[in-house]
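These are my notebook entries on a structure that I opened for the first time. I set down what I looked up, entry by entry.

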Amino acid sequence: MHSDIVIVGGGAGGLELAARLGRSLGARYGRERVLLVDRSLFHIWKPTLHEVAAGTLDAHQEGLSYTVLARRNHFSFAIGELKSVDAQKKCITLNEIRDAKDEVLVPNRTLSYRWLVLAIGSGSNSFSTPGVEHAHLLENVRDAQQFHSDWLSACAKASFSTTRALSVAIVGAGATGVELSAELLEAHAVLSESLGSAQRFRLDITLVEGSGRILGGLPEKISAQAEVALRRKQVRVLTNTRVVGIRRGALLVPGGEIAADLIVWAAGIKAADTNAEYGLETNRINQFVVDSHLRTTAPDVFAMGDCAACVWTEDRLVPARAQAAHQQADYLSRVLVAMLREREYSQAFVYRDFGSLVSLGENRGVGNLMGGLAGRNFFVEGLIAKWMYISLHLNHHRAILGLGKTMVLALARLLQQRVSGRLKLH
Ligand SMILES: Cc1cc2nc3c(=O)[nH]c(=O)nc-3n(C[C@H](O)[C@H](O)[C@H](O)COP(=O)(O)OP(=O)(O)OC[C@H]3O[C@@H](n4cnc5c(N)ncnc54)[C@H](O)[C@@H]3O)c2cc1C
């Protein structure tokens with residue numbers, strides 16, 4: 001099987017790239033020109049995983065089928081997991097696909113390309129902490145659904161326990177840890193409303209951060225405001241606290257333990273260990289090293305999004321954010337269209353920081369913050385920030401569905417929530 005452009009990974013960046021290329025090339029020259037490969041059959045925008053975990057977003061309603069998106073955007077789609085890259089022969093191999101009984105459904109496949117784009121994202125970084133297997137991760141939809149299932153069981157248990165309390169410890173106070181704390185508080189508040197007083201239980205969240213402040217990658221004012229909002233909601237925020245190990249039911253910290261019914265590991269990012277096996281240069285967290293044109297060290301192989309290490313400023317890489325993946329998709333679509341039309345495209349990729357929005361859960365009362373828009377830093381809070389945060393998600397949908405369908409989908413989901421409730425309890 002051959003395609004001019006093969007994109008591996010249909011996440012925040014790869015899917016937007018496939019949709020853009022499909023609309024500009026596939027529609028004119030045939031959909032087989034652009035092939036998207038992903039190991040999943042449906043797409044969920046990763047920044048919403050904490051909502052799936054808390055049950056405030058239903059992955060089955062939210063998920064968009066790659067085959068439907070491919071048909072609408074004029075690209076082709078293949079399910080599969082990247083196994084190897086042969087940059088000399090310009091082909092990749094995908095792992096075989098097995099069914100639940102471990103029988104081979106689809107054997108190993110080889111796909112040849114003219115240009116390859118790797119957009120396979122990243123996971124969390126355990127920093128080799130002993131016992132991390134006792135913690136939940138939030139790397140993909142499966143992890144989020146597993147957490148949600150265990151969260152519901154823990155809620156039921158707490159409801160009938162003598163202490164009538166549920167404790168959750170979250171390691172890492174980056175956007176994932178902070179947003180998950182806020183979302184769990186919201187889910188608990190909605191749940192409490194539906195429980196009789198005899199079954200209500202207390203939720204104790206401890207957010208543990210190794211560095212001196214939460215949201216360390218964002219401006220200090222945002223960290224401070226978010227911390228105030230979380231503390232006001234009774235979240236126990238522990239900064240300068242390094243987790244040295246985890247055992248079932250407790251975090252081990254210097255000088256003691258933090259007991260928890262549920263533990264989530266949301267600290268740091270690291271790309272897949274297998275990235276180092278593809279014959280491309282990688283850095284210490286397994287990201288593919290790319291130049292300012294997003295080219296890896298192999299000819300005609302590009303990398304983008306979380307899996308790429310692209311220099312931003314002298315001492316900083318482009319951050320692993322949906323915003324960066326979105327900008328890189330836009331850039332690479334222009335590069336690849338030009339290359340396919342045998343035109344020069346000499347402009348380098350320049351990352352522009354449009355600021356950061358952190359969802360603190362509720363629509364009312366809790367601030368959502370942003371910094372660095374239009375070259376100046378200013379702050380938005382409360383409902384305005386929440387709407388801006390939601391607009392980022394809608395913007396992603398607009399890039400892959402178009403404006404009309406995004407509006408219809410948003411309205412349909414709003415109505416669905418009105419009918420079925422905001423919380424998924426099954
Ligand atoms: C809970 C949470 C909250 C976040 N909140 C924010 C936020 O508020 N703002 C923000 O900017 N960023 C946020 N992020 C970060 C953001 O989600 C990522 O930076 C962004 O998704 C990166 O996009 P990507 O395309 O590089 O990778 P991803 O979106 O992770 O997509 C990778 C894709 O590759 C596929 N894949 C992986 N490995 C293989 C393989 N070997 N073979 C085939 N397919 C493969 C996966 O199935 C997936 O579809 C958050 C992340 C999390 C987890």
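Predicted model: local features only at pLDDT ≥ 70, side-chain atom pairs only at ≥ 80, totals over all residues.

Residues are numbered from 1 along each chain as its sequence is written, and side-chain values use heavy atoms, with hydrogens and water left out.

Entry 1: two residues with positive phi

I looked up Leu215, which is not a glycine and yet has a positive phi of about 50 degrees. I found Leu215 in the loop between strand S13 (202-208) and helix H7 (220-232); helices (H or I, at least four residues) and strands (E, at least two) are DSSP runs, numbered from the N terminus. Is Leu215 buried or exposed? Leu215 counts as buried, because its relative accessibility is 2%.

I then turned to Phe127, also not a glycine, with a positive phi of about 50 degrees. Phe127 sits in the loop between strand S11 (123-124) and helix H5 (141-159).

Entry 2: helix H4

Which residues of helix H4 (residues 66-73) are buried? I listed Tyr66, Leu69, Ala70 and Asn73. Seen down the axis of H4, these buried residues fall within an arc of 100 degrees, so they line one face of the helix; the arc is that of the directions from the helix axis to the C-beta atoms.

The buried residues of H4 pack against several elements, among them helix H1 (14-29), strand S2 (34-38), strand S5 (76-79) and helix H9 (382-401). After H4 comes His74, whose phi is positive, near 65 degrees.

Entry 3: Ser76

I placed Ser76 in strand S5. Ser76 counts as buried because its relative accessibility is 17%. Leaving aside neighbours within four places in sequence, Ser76 is in contact (heavy atoms within 4.5 Å) with Arg31, Glu32, Val34, Leu35, Leu36 and Ala70. A polar atom of the Ser76 side chain lies 3.3 Å from the backbone oxygen of Arg31. I took a polar contact to be a pair of N or O atoms within 3.5 Å; within protein, one must be able to donate a hydrogen and the other to accept it, and residues adjacent in sequence count only if both atoms are side-chain atoms.

Entry 4: the two domains

I recorded domain 1 (2-122 + 271-340) and domain 2 (124-268 + 356-420), with bounds that come from an automatic or database domain assignment. Their centres, taken over C-alpha atoms, are separated by 27 Å. Each side brings residues to the contact: 32 residues from domain 1 and 32 residues from domain 2.

How much area do domain 1 and domain 2 bury between them? I noted about 2,600 Å², 60% of it on carbon and sulfur atoms; buried area is the accessible area (1.4 Å probe) that two parts lose on being put together, summed over both. Trp45, His50 and Ala53 supply 23% of the area that domain 1 buries against domain 2, more than any other three residues.

Across this interface of domain 1 and domain 2 I counted 8 residue pairs in polar contact, both at pLDDT 80 or more. H2 (49-54) is among the elements that each supply at least two residues of the side of domain 1 that touches domain 2. The largest share of that side, 6 residues, comes from H2.

Entry 5: Thr48

I located Thr48 in the loop between S3 and H2. Thr48 is buried, with a relative accessible area of 2%. Its side chain reaches the backbone oxygen of Trp45 at 2.5 Å. Leaving aside neighbours within four places in sequence, Thr48 is in contact with Leu57 and His393.

Entry 6: Ala303

I found Ala303 in strand S21 (residues 301-303). Ala303 counts as buried, at 0% relative accessibility. Beyond neighbours within four places in sequence, the contacts of Ala303 include Leu118, Phe288 and Ala308.

Notes:
Buried < 20%, exposed > 50% of the residue type's maximum accessible area, 1.4 Å probe, protein only.
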